[in-house]
Amino acid sequence: MDEPKLGERNGKSPESRETHASSEYRDLVDTLRNLETGHLAIVTGAGISLASGVPTFRGKDPGAVWNHDVLEKGTYSYFRSDPVASWLWSSRIFSELPAARPNPGHVAVATLGRELPSRGGRVTTLTQNIDTLHEQAGSDDLIKVHGTVDRARCASDLGCPNGAPRGSVPISDIGIDRFLADPSVDTLPRCALCEDLIRQHVLWFDEFYADHEDYQWLRVQETIRTMDVVLFVGTSFSVGVTDAFLQTALMRGIPAFSIDPSPESSLDGLTTLREESESLLPRLCEDLGLGPLELG
Ligand SMILES: [Zn+2]
């Protein structure tokens, strides 16, 4: 057997690895190579953060604890009816998020978002995740359509600057530790400006994308209208916004790819790549000649 040449990995050059890749993968590589000035929409969901130890929202992974009561408790009406219980519940299910660190999939998404535009293309990255792993990996200009765990906001609907439609405050500023040490109505986080309750800065199930400017709903709609290719990563299509991207892509007949190791179903017009995003996306960047893949 010949010795592998310098620069070859596992005895195979990138070209030969690609030759042996699935036709779906080759299709994705060719589509992004030919993007030119086109608009790529990257839509990520819980699956991309699984390798970082973040439990999925509705997934089948053992950590998918949110399944049990999320539809009842992940609501604004629950917050309004029992804010103490709402903060205790959300603090428990969000508790693992701040300690999580990005995996190679997040880093590759940041690389695509940074490098494809330098070749003339346009990339819009949207995530359903409320963790901060994309930002930690270096994605800027991100659409966090379901809000973010590292901020909170005033619950007032009377136009307080700390609340909707555009205000928020860092979670570290609201005294959540004091509340968690002694949870009661008296220790609930309160707005420094108007003394109304402080709420989580996330889109609850009984709320609307247009409720807060940080969800960037206008930009979501513009992306859906103008995208030329859509790449779904670790998402199940069960959430409204993902379905809107998918249905529009199918209707307009534009290339649509989904990276998902265990898809629930297959759809005509959607090319599914059955692999973990943390291994596929870095290889994709390498095969496109993008990189280096670096954190931040
Ligand atoms: Zn306020």
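Two residues are taken to be in contact if their C-beta atoms, placed from the backbone, lie within 7 Å. In this predicted model, among contacts in the protein chain between residues at least 6 apart in sequence, 66% join residues at least 24 apart. The protein chain holds 11 helices and nine strands, and of its 296 residues 39% count as buried.

- The buried residues in H10 are Val-241, Thr-242, Phe-245, Leu-246 and Ala-249, and they lie on the same side of the helix because they cover an arc of only 140° around the axis.
- An α-helix has 3.6 residues a turn, so residues three or four places apart point the same way.
- Gly-240, Gln-247 and Met-251, on the other side of H10, are exposed.
- The cover over the buried residues of H10 includes strand S1 (39-44) and helix H9 (217-226), together with strand S7 (229-233) and strand S8 (256-259).
- After H10 comes Gly-253, whose phi is positive, near 70°.

**Packing of H6 against H11**

- Two packed helices are described by the angle between their axes and the distance between the axes.
- For helix H6 (residues 104-118) and helix H11 (residues 277-287), the axes come within 7 Å and cross at roughly 35°, and this crossing of H6 and H11 is left-handed.
- On the H6 side the contact is made by Pro-104, Gly-105, Ala-108, Val-109, Thr-111 and Leu-112, which meet Ser-277, Glu-278, Leu-281, Pro-282, Leu-284 and Cys-285 in H11.
- The residues of this contact between H6 and H11 divide into eight nonpolar, three polar and one charged.

**The loop between S4 and S5**

- Asn-162 lies in the loop between strand S4 (147-154) and strand S5 (169-170), and it counts as buried because 20 other C-beta atoms lie within 10 Å.
- Leaving aside residues up to four places away in sequence, Asn-162 touches Arg-153, Cys-154, Gly-167, Val-169, Cys-191 and Leu-193.
- Asn-162 and Cys-194 are 32 residues apart along the chain, and their C-alpha atoms are separated by 8.8 Å.
- Pro-165 is also found in the loop between S4 and S5, and a cis peptide bond with omega of about 10° joins Ala-164 and Pro-165.

**Backbone angles and exposure elsewhere**

- Most residues other than glycine have a negative phi, and most peptide bonds are trans.
- Asp-141, in the loop between helix H7 (133-136) and strand S3 (142-144), has a positive phi near 55° although it is a residue other than glycine.
- Asp-141 is exposed, because 11 other C-beta atoms lie within 10 Å.
- Gln-216, which is not a glycine, likewise has a positive phi, of about 55°, and its place is in the loop between strand S6 (198-202) and H9.
- Gln-216 is partly exposed, because 18 other C-beta atoms lie within 10 Å.
- Ser-77 lies in helix H4 (residues 76-81) and counts as partly exposed, because it has 13 C-beta neighbours inside 10 Å.
- Although Ser-77 and Phe-205 are 128 residues apart in sequence, they are 9.6 Å apart in space, C-alpha to C-alpha.

Methods. Residues are numbered from 1 along each chain as its sequence is written. This is a predicted model: local features need pLDDT of at least 70, side-chain atom pairs count only at pLDDT 80 or more; totals for chains, interfaces and linings use all residues. A residue is buried if 20 or more other C-beta atoms lie within 10 Å of its own, exposed if 12 or fewer, and partly exposed in between; C-beta atoms are placed from the backbone. Helices (H or I, at least four residues) and strands (E, at least two) are DSSP runs, numbered from the N terminus. The arc is that of the directions from the helix axis to the C-beta atoms. Axes are lines fitted to C-alpha atoms, for helices over the stretch in contact, and angles run from 0 to 180 degrees between N-to-C directions. A crossing is left-handed if the near helix is turned anticlockwise from the far one by less than a right angle, and right-handed if clockwise. Ala, Val, Leu, Ile, Met, Phe, Trp, Tyr, Cys and Pro count as nonpolar, Asp, Glu, Lys and Arg as charged, and the others, Gly among them, as polar.
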